[in-house]
Amino acid sequence: MTLNTWVDLVYLLAAIGFILALKGLSSPKFARQGNILGAVAAAAAIAITFAVPSVRHAGSRLILMVVAMVIGAVIAVPAARKVKMTAMPQMVAIFNGVGGGAAALVSFTSFLILTSNDALVGKPAIYRIVEVILGVLIGCVSFSGSAIAFIKLQELITGRPITYPGQQVINAIVGLAIVGVGVATVLTASTPLLVVMLVLALVLGVIFVLPIGGADVPVLISLLNSFTGLAVAASGFALDNNLLIIAGTLVGASGILLTRMMSKAMGRSLANVLFSAFGSVVTATGGEAGADARPVKAGTPEDIGVLLAYARKVVIIPGYGLAVAQAQHTARELADLLMERGVEVFYAIHPVAGRMPGHMNVLLAEANVPYDELKEMDEANPEMPTADVALVVGANDTVNPAANDTPGSPIYGMPIIHADQAQNVVFLKRSMRPGFAGIDNELLFNPKTTLLFGDAKDTLTKLVAAVKSA
Amino acid sequence: MNVGIIELLTIFVLAAFVGLEVVSKVPSILHTPLMSGSNAIHGIILVGTMYIMGSAHGGVQVTLAFFAVLLATLNIVGGFVVTDRMLEMFKAKPSDRAAKADRPSDGDTGGAPS
């Protein structure tokens, strides 16, 4: 067998590895093995690529290549190891964005290499230029879009949808410009036009993401992840590389499906997630009118401790506030204490609790909360009317009854945990500020609701003490 | 029409169907790890950046290729490591159940509030 055959064979095995990796990642039992299999497949493909003559004989460029890889690994490993579980979504956004950037650079540079080749007579074939344009366009949108998503999740800018006058007009102009420049690039094979294309694509990524509300950003990251996959596939076309096409397309296709499943878990259509920023105006005014004016019932830790200690059934509903306060361990301590007293306790997990679907399960698993104490929303809701206390820890939107009964609300239609059906509702909240979606919660003003203000970890610690002495 | 491009398109279409099929039954608790894992898989663009570096000529192309390799390495290494960290949480399942049966208030590791 020639070297080329060996390379193609290893690429084929790597592609099979990626397919099985995705399959494994879809089942709780094999998820970790799936991920490791994916890493092994990738490592094999990279190793064999070093044997390719054009790479092997690259001389000083081979050294530069290894230097870039070492720098990348030295940055990436500690970043990925040290990132707090709560900041996971941002981290995924960054790793996705740089992947999109790399794909765009591959397509762009492959075009430079192609057009600077002396052997080239006339222009490159039209399909070659189309492949390059698609790679640059999709890769750049993913890059700049992920960057904005990161900034939003890190709360460097407001998580609310950002709208500005003339937004539709600007979107239309950028869209038309991309189509126009794209056609012109195909016809002329001009490098400067391709650079204009690249810049326009970066702008498109920014204006695409800005109007998307913070609560929807995880769905957006999933979509951008799928985009990066497609950009990688486009690079694969430009390089005639089967492995890149297969891996990129796998991610692109599965990513679109995953994105749809995620938006479904929030009870929304994908189109609604992406283009619903118009609703934000209603949101803002609604928030101002409702808040502050009405009285709420604030309790002491002792009152609530007694309420919990003498309850028969307590449902803990954790949200992002629990995660930021790193209070998952204290929550477990409280749950264990109550269970020792004979109280029935379980956790009701909303599919999008935390910042991403499944995020809360990961956080609670980190605190060694046994799986059988976690109940998914559909399993938990029928039990809510028989619960004595719904203890809402740092959650807000996921228990907001407006999702059921206020058709004008931006979260209308989102499935919620019916905390309002419990006999008593206790909110542990930092302040009266609305949740991530930026909307008021009627449940806070309900007479059966008691609020305990403060950092989730502090208040939970106080509750543990209160239950002990109750 | 070039034969090569049709072959590549065939691969593309088949891979798209496999991609849709393979994740069709994922439970919602695995949405985030699956997203993160597929994020790592598209880091295989690193292979593409290696070819680009191999055929780059002149300062501009080499510089672009250098950054391409760097970004792709961040994607693939960071992606797999971060996914593994998320999935670490899922492995303790059976021992956790066992621990629960006889634990007074604390399990093996996670009890200390820190």
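This is a predicted model: local features need pLDDT of at least 70, side-chain atom pairs count only at pLDDT 80 or more; totals for chains, interfaces and linings use all residues.
Residues are numbered from 1 along each chain as its sequence is written, with chains lettered from A and ligands numbered from 1 in the order in which they are written.

Visitor: How many residues of strand S4 of chain A are buried?
Guide: Strands (E, at least two residues) are DSSP runs, numbered from the N terminus. A residue is buried if 20 or more other C-beta atoms, placed from the backbone, lie within 10 Å of its own. Val389(A), Leu391(A) and Val393(A) point one way from S4(A), Ala390(A) and Val392(A) the other way, and all are buried. Strand S4 is therefore largely enclosed by the rest of the structure, the buried count being 5 of the 5.

Visitor: Which residue of S4(A) is the bridge partner of Pro318(A)?
Guide: Strand S1 (residues 313–318) of chain A runs parallel to S4(A), joined by 5 bridges. In S4(A), the partner of Pro318(A) is Val393(A).

Visitor: How many residues of chain B are in contact with chain A?
Guide: Two residues are in contact if their C-beta atoms, placed from the backbone, lie within 7 Å. On the chain A side there are 106 such residues, and on the chain B side 88.

Note on methods
A residue is buried if 20 or more other C-beta atoms lie within 10 Å of its own, exposed if 12 or fewer, and partly exposed in between; C-beta atoms are placed from the backbone. Helices (H or I, at least four residues) and strands (E, at least two) are DSSP runs, numbered from the N terminus. Two strands pair if DSSP finds at least two bridges between them.
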